[in-house]
Amino acid sequence: MLGHSLPHHGRMSETDAVVRVRDLRKTYGTFTALHGVSFDIVRGETFALLGPNGAGKSTTIEILEGFRDRTSGQARVLGIDPRRGGIEWKARLGIVLQSTGESGNVTVLEQLTHFAGYYANPRAVGEVIDAVGLTDKAKTRIGKLSGGQRRRVDVALGIIGRPELLFLDEPTTGFDPEARRQFWGLIDNLKNEGATILLTTHYLDEAANLAGRAAVINNGRIIDIGKIDELGGAEARTPLVRWREQGRLREERTAEPAGVVARLYAEHGGEPDGLEIIRPSLEDIYLKLVSTDASGAVGFGEPTSPAVESVIGVVSPEAGIRS
Amino acid sequence: MSVTTSPARTTNALPRTLRLGVSRIGYELKVYFRQGDSVFFSFLFPILMLAVFAVAFSSAGNLGENPDGSGGISFAAYYLPGMLAAGMLLSGVQNLGVDIAGEKGDGTLKRLGGSPLPVVSYFIGKIGMVMVSAVFQAILLLVIARFGFNVALPGDLDKWMTFAWVFLLGVITSCVLGIALSAVPRSSRSATAVVIPIVVLLQFISGVYLQFSMLPGWLQNFAGIFPLKWMAQGMRAVFLPESFAAVEQTGDWNLGWVAIILGIWFVVGLLLCRYTFRWIREDT
């Protein structure tokens with residue numbers, strides 16, 4: 001299933017592809033950041049790039065935004081090679097970079113009003129400020145906002161120009177849970193308006209909530225790609241029944257957990273100890289994909305170590321079963 | 001990485017570039033005057049220096065007096081042209097060199113590079129901001145010199161026409177050189193370490209702090225390669241009495257060469273901006 005086989009792209013006509021990437025490679029000196037990445041994003045779709053730190057997510061997104069040059073391969077964004085994207089091309093994009101440290105000597109309202117002027121048909125500034133939940137802070141200097149509030153300004157600047165394609169590079173880092181929920185609502189509204197979105201995130205629940213499809217990238221390679229609810233294949237989603245028998249932990253992976261529970265109930269003549277039915281979350285599936293990836297390191301910027309494996313074993317019921 | 005840098009050429013883009021340039025000037029001025037520290041160092045520095053020199057030498061009598069005690073000028077009057085020239089240099093080279101390197105480091109330029117803002121509009125914003133602040137600075141210097149230190153200012157229009165062109169050409173040349181210089185520091189933290197020694201050295205050898213005619217000939221010639229010497233000379237032509245022209249290198253104010261050298265540096269700076277400016281640092 002995994003490894004070096006070409007990821008499946010599904011069938012889509014070329015005219016629908018807002019982003020089209022083929023065999024994208026990027027090397028920095030002797031280090032290869034991307035080993036040949038291919039995917040498409042169709043109009044109106046929200047596509048997530050998932051992967052550990054240093055996997056190549058930001059390199060990929062920055063090549064598509066026009067900030068970095070690729071070493072080889074093809075890239076088309078809104079039909080244009082991002083190497084040659086001019087002002088008119090940029091006007092059709094919304095870019096939310098990873099958080100920046102700008103000095104912030106202007107107010108939220110001043111910043112958005114100024115940037116709105118760059119676009120031919122911007123959204124109303126007041127509406128955007130409302131949408132990101134900063135109405136009370138409109139006249140506050142950006143430098144005086146909290147990290148999460150500044151991030152919302154970044155998002156507001158990304159959408160002020162009514163982009164056809166929105167890049168969101170770890171948009172909710174530093175948000176509190178309530179702010180993240182609000183942000184997801186905002187993205188839902190954009191999706192309803194037909195925006196195409198490319199998202200990178202460390203939060204798997206965020207990807208599950210927002211994205212239709214995702215690619216899992218590790219060590220510069222796509223190790224799986226597909227609809228969010230099909231990532232990792234059917235097997236990875238098989239529920240797990242877990243219980244205790246004479247003090248020992250027992251597990252059984254089954255497509256029919258209710259049947260197993262009924263059987264256990266009959267065998268034990270009553271309620272089994274510590275009974276759980278676990279449906280692997282996207283996070284479990286993702287962690288298993290990354291930890292079993294044959295291409296080397298697990299991520300965290302370091303080679304696989306027993307310590308890292310055991311951490312994943314604790315987090316993911318999948319990893320425990322593997323051995 | 002020509003991707004993000006070359007200004008897009010689209011039909012009818014010029015009005016938009018100019019409109020956004022003007023919008024940037026307002027934005028830049030707002031940001032500039034809200035930063036307390038940069039306002040203090042670049043904006044008020046020449047004014048403070050004039051005050052220091054005027055007060056320090058207040059008991060030293062006048063400069064360039066005839067034996068009968070006539071024709072001399074105060075130290076405040078003598079230092080005024082140099083401080084005006086220093087202000088022109090600092091507003092452009094120091095201010096923009098450090099400011100733009102900082103914007104590269106903190107992500108401001110990356111954000112702009114991902115937006116449909118033309119590079120030229122960004123330059124217009126920076127140059128406009130410097131021009132406005134330099135004009136305020138010069139007015140403040142002149143007012144303080146006149147009313148604080150009783151310096152007589154020229155009365156005839158010719159002198160003020162000379163002031164206008166030397167000032168405009170000098171400030172705009174400083175701006176393009178500052179933008180070009182901002183590409184040199186490898187991080188925003190090293191920006192002041194790169195820029196400050198250059199401008200300090202130039203001020204010492206170009207007749208801002210030290211009387212230019214006292215410097216050895218070879219140092220005068222060396223200083224003559226750089227624009228500050230010519231800005232200071234142009235300002236001396238406006239504010240010092242004609243009798244002081246005799247101690248200049250050629251025995252006169254040599255305004256023709258002021259125009260030529262500043263013009264050359266302007267073109268060189270413009271070309272450097274055009275070919276070296278990047279929204280983000282090279283990825284290697």
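User: What does the secondary structure of chain A come to?
Analyst: Chain A has 12 helices and 12 strands. This is a predicted model.

User: And how much of chain A is buried?
Analyst: Of the 323 residues in chain A, 43% are buried.

User: What share of its contacts is between residues 24 or more positions apart?
Analyst: Such pairs account for 68% of the contacts in chain A, taking those with a separation of 6 or more.

User: Strands next. How do strand 1 and strand 2 of chain A pair?
Analyst: Strand 1 (residues 17-28) and strand 2 (residues 31-42) of chain A are antiparallel, with nine bridges. Ala17(A) stands opposite Val42(A) in strand 2 of chain A. The two strands form a hairpin with two residues between them, and Gly29(A) in the turn has a positive phi of about 60 degrees.

User: Which strand does strand 1 of chain A pair with over five bridges?
Analyst: That is strand 4 (residues 72-77) of chain A, again in the antiparallel sense. Arg25(A) is opposite Ser72(A) there.

User: What about strand 8 and strand 9 of chain A?
Analyst: Strand 8 (residues 213-218) and strand 9 of chain A run antiparallel and are joined by six bridges. Ile217(A) faces Ile222(A) across that pairing.

User: Strand 9 of chain A: mostly covered or mostly open?
Analyst: Mostly covered, since five of the seven residues in strand 9 (residues 221-227) of chain A are buried.

User: Switching to the core. Which residues have the most contacts inside the largest nonpolar one?
Analyst: Ala156(A), Ala214(A), Val216(A), Leu80(B), Ala85(B) and Leu89(B), in a core of 145 residues. Helix 4 (residues 75-106) of chain B gives the most to this core, with 18 residues. As background, nonpolar side chains in soluble globular proteins tend to be buried together.

User: What does Leu80(B) touch?
Analyst: Leaving out residues up to four places away in sequence, Leu80(B) touches Leu50(B), Ala145(B), Val151(B) and Phe239(B).

User: Now the interface. How many residues of chain A are in contact with chain B?
Analyst: 30 residues of chain A are in contact with 26 residues of chain B. On the chain A side, helix 2 (87-90) and helix 3 (108-116) are the elements that give two or more residues. That side divides into 11 nonpolar, 10 polar and nine charged residues.

User: Which residues of helix 3 of chain A are buried?
Analyst: Val108(A), Gln111(A), Leu112(A), His114(A) and Phe115(A). They cover an arc of only 160 degrees around the axis, so they are on the same side of helix 3 of chain A.

User: What do they pack against?
Analyst: Helix 4 (125-131) and helix 5 (147-159) of chain A, together with helix 1 (13-34) of chain B.

User: Over to helix 10 of chain B. What span should it have, and what are its ends apart?
Analyst: Helix 10 (residues 227-239) of chain B has 13 residues, and at 1.5 Å a residue it should span 18 Å. Its end C-alpha atoms are 19 Å apart, which agrees. As for burial, 13 of its 13 residues are buried.

User: Last one, Val143(B). Buried or exposed?
Analyst: Val143(B) is exposed, because there are 12 other C-beta atoms within 10 Å, and the cut-off for exposed is 12 or fewer. Val143(B) lies in helix 6 (residues 119-148) of chain B. Its C-alpha atom is separated by 9.8 Å from that of Leu153(B), 10 residues apart along the chain.

Terms used
Residues are numbered from 1 along each chain as its sequence is written. Chains are lettered from A and ligands numbered from 1 in the order in which they are written. This is a predicted model: local features need pLDDT of at least 70, side-chain atom pairs count only at pLDDT 80 or more; totals for chains, interfaces and linings use all residues. A nonpolar core is a set of buried Ala, Val, Leu, Ile, Met, Phe, Trp, Tyr and Cys residues joined through C-beta atoms within 7 Å. A residue is buried if 20 or more other C-beta atoms lie within 10 Å of its own, exposed if 12 or fewer, and partly exposed in between; C-beta atoms are placed from the backbone. Helices (H or I, at least four residues) and strands (E, at least two) are DSSP runs, numbered from the N terminus. Two residues are in contact if their C-beta atoms, placed from the backbone, lie within 7 Å. Ala, Val, Leu, Ile, Met, Phe, Trp, Tyr, Cys and Pro count as nonpolar, Asp, Glu, Lys and Arg as charged, and the others, Gly among them, as polar. The expected span of a helix is 1.5 Å times one less than its number of residues. Two strands pair if DSSP finds at least two bridges between them. The arc is that of the directions from the helix axis to the C-beta atoms.
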